[in-house]
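Me: I have a new model open and want to talk it through. Can we go step by step?

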Amino acid sequence: MVTYSYGECLKRSYRVNWRIKDVLGTVGFDLNRPWLPTELSGAGGIRCLDPGEKRKLTHLEMGAYAHLFRFVEAFITPEMLGLAQEARSLNLEAFEALTNFASEEVKHMHLFGEIRRLVDEAVGFPLELLEGENEVAGVVLGRHRGAVLLLTAAIEWFTQHHFLTAMKDSEELDPLTREIFRHHWMEEAQHAQLDHLEAVHLFRELSQAGRDQAIEDLVWLLAAVDGLLQRQVGHDLANLGRYLGRTFTEAERGEIQGHLLKAKRHCFIESGWAHPNFQELFQMVTTPDQQASVGQAVGLLLQGNPVPLGHGVA
Ligand SMILES: [Fe+2]
Ligand SMILES: [Fe+2]
């Protein structure tokens, strides 16, 4: 049984707190190294690219990977501010920890904005990346708060997994990339724990109908995330053609898109869903039937199949 606490999270957050200039420092990206590790990249299995082209593809994938964090932080920040506001009169420690959480996400959005500029500078052109983060944030926040919290927990737990298992000890990874995600990992560790505390608290108060709605909306949100990943893969392919100065045959396009989408689905859906700390939370707040229905939806998404969505789902 985990024992997270708002007060401990805030204390640890103050201990690790960093400034954007500490992260970006004076070292630039190294074009001779991969920017995304093998475990998170789709480049490795693509047969129509040579090793240099695969390395360049990781530069574009990292640009998209960093941007996707900024994209989700656009809904995580107001979500946490809303929770902080509600906690204010009931639990001062929770109010402080959640307000600080929101403030850290604002900083992360600025960090990832700076990184976008540096990536564009390094590759020599502005990357095509997903747009409309504020509109998407509005749509996400219109779904059940329990669903939004579970999605947020999955995302924040996978930041931990990605850094620890794929970046921390990678000798070949670009050092600036490692520094960026090391700093993000340090602050996200507290966020993931706060998500856990908030989700447990929220689900405890929910009726059965409320829980059912939260689970239905979680499936909808996961399908929406998959839709965003598919759109970004289209941008990745356009970026790759431009970066390499070459065109692709229909078969090559299909091969590249397939590998990129598989890698993104692993990063943004599978590794969060499968994270043991997320699973611990999910099992605490759901019934076996609900666990099976979300598990089935995740399985369908990972195989590239459509997910049947419930009533009231656009
Ligand atoms: Fe963040
Ligand atoms: Fe976060």
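Reply: Start with one term: two residues are in contact if their C-beta atoms, placed from the backbone, lie within 7 Å.
Me: Okay. What does Ala102 touch, leaving out residues up to four places away in sequence?
Reply: Ala102 touches Thr77, Met80, Leu81 and Ala84. Ala102 itself is found in helix α4.
Me: Before more of that, what am I looking at, and how is it numbered?
Reply: This is a predicted model: local features need pLDDT of at least 70, side-chain atom pairs count only at pLDDT 80 or more, and totals for chains, interfaces and linings use all residues. Residues are numbered from 1 along each chain as its sequence is written, while chains are lettered from A and ligands numbered from 1 in the order in which they are written.
Me: How many helices and strands are there?
Reply: The protein has 11 helices and zero strands. Both are DSSP runs, numbered from the N terminus: helices are H or I with at least four residues, strands are E with at least two.
Me: What are the overall dimensions?
Reply: The C-alpha atoms fill a box of roughly 55 × 45 × 35 Å, taken along the principal axes.
Me: What share of the contacts with a separation of 6 or more is between residues 24 or more positions apart?
Reply: The share is 83%.
Me: What percentage of the protein counts as buried?
Reply: Of the 314 residues, 42% count as buried.
Me: How about Glu93?
Reply: Glu93 is found in helix α4 (residues 92-123). It is partly exposed, with 14 other C-beta atoms within 10 Å. Glu93 touches Tyr6 and Gly7, not counting residues up to four places away in sequence.
Me: And Glu79: buried or exposed?
Reply: Glu79 is buried, since 25 other C-beta atoms lie within 10 Å. Its place is in helix α3. Leaving out residues up to four places away in sequence, Glu79 touches Leu141, Val148 and Thr152. Glu79 and Leu141 are 62 residues apart along the chain, with their C-alpha atoms separated by 7.2 Å.
Me: New topic. How many residues are in the largest nonpolar core?
Reply: That core has 82 residues. A nonpolar core is a set of buried Ala, Val, Leu, Ile, Met, Phe, Trp, Tyr and Cys residues joined through C-beta atoms within 7 Å. Those with the most contacts inside it are Leu98, Leu150, Ala153, Ala154, Leu218 and Leu222.
Me: Which helix gives the largest share of this core?
Reply: Helix α3 (residues 51-87), with 17 residues.
Me: What does Leu98 touch?
Reply: Not counting residues up to four places away in sequence, Leu98 touches Met80, Leu83, Ala84, Ala87 and Leu194.
Me: Where is Ile269?
Reply: Ile269 is in helix α9 (residues 250-273). It is buried, with 22 other C-beta atoms within 10 Å. Ile269 touches Leu222, Val225, Asp226, Val298, Leu301 and Leu302, not counting residues up to four places away in sequence.
Me: Last one. At what angle do α6 and α7 pack?
Reply: Helix α6 (residues 145-167) and helix α7 (residues 175-205) pack at about 145°, with axes 8 Å apart. Axes are lines fitted to C-alpha atoms, for helices over the stretch in contact, and angles run from 0 to 180 degrees between N-to-C directions.

Definitions and conventions. A residue is buried if 20 or more other C-beta atoms lie within 10 Å of its own, exposed if 12 or fewer, and partly exposed in between; C-beta atoms are placed from the backbone.
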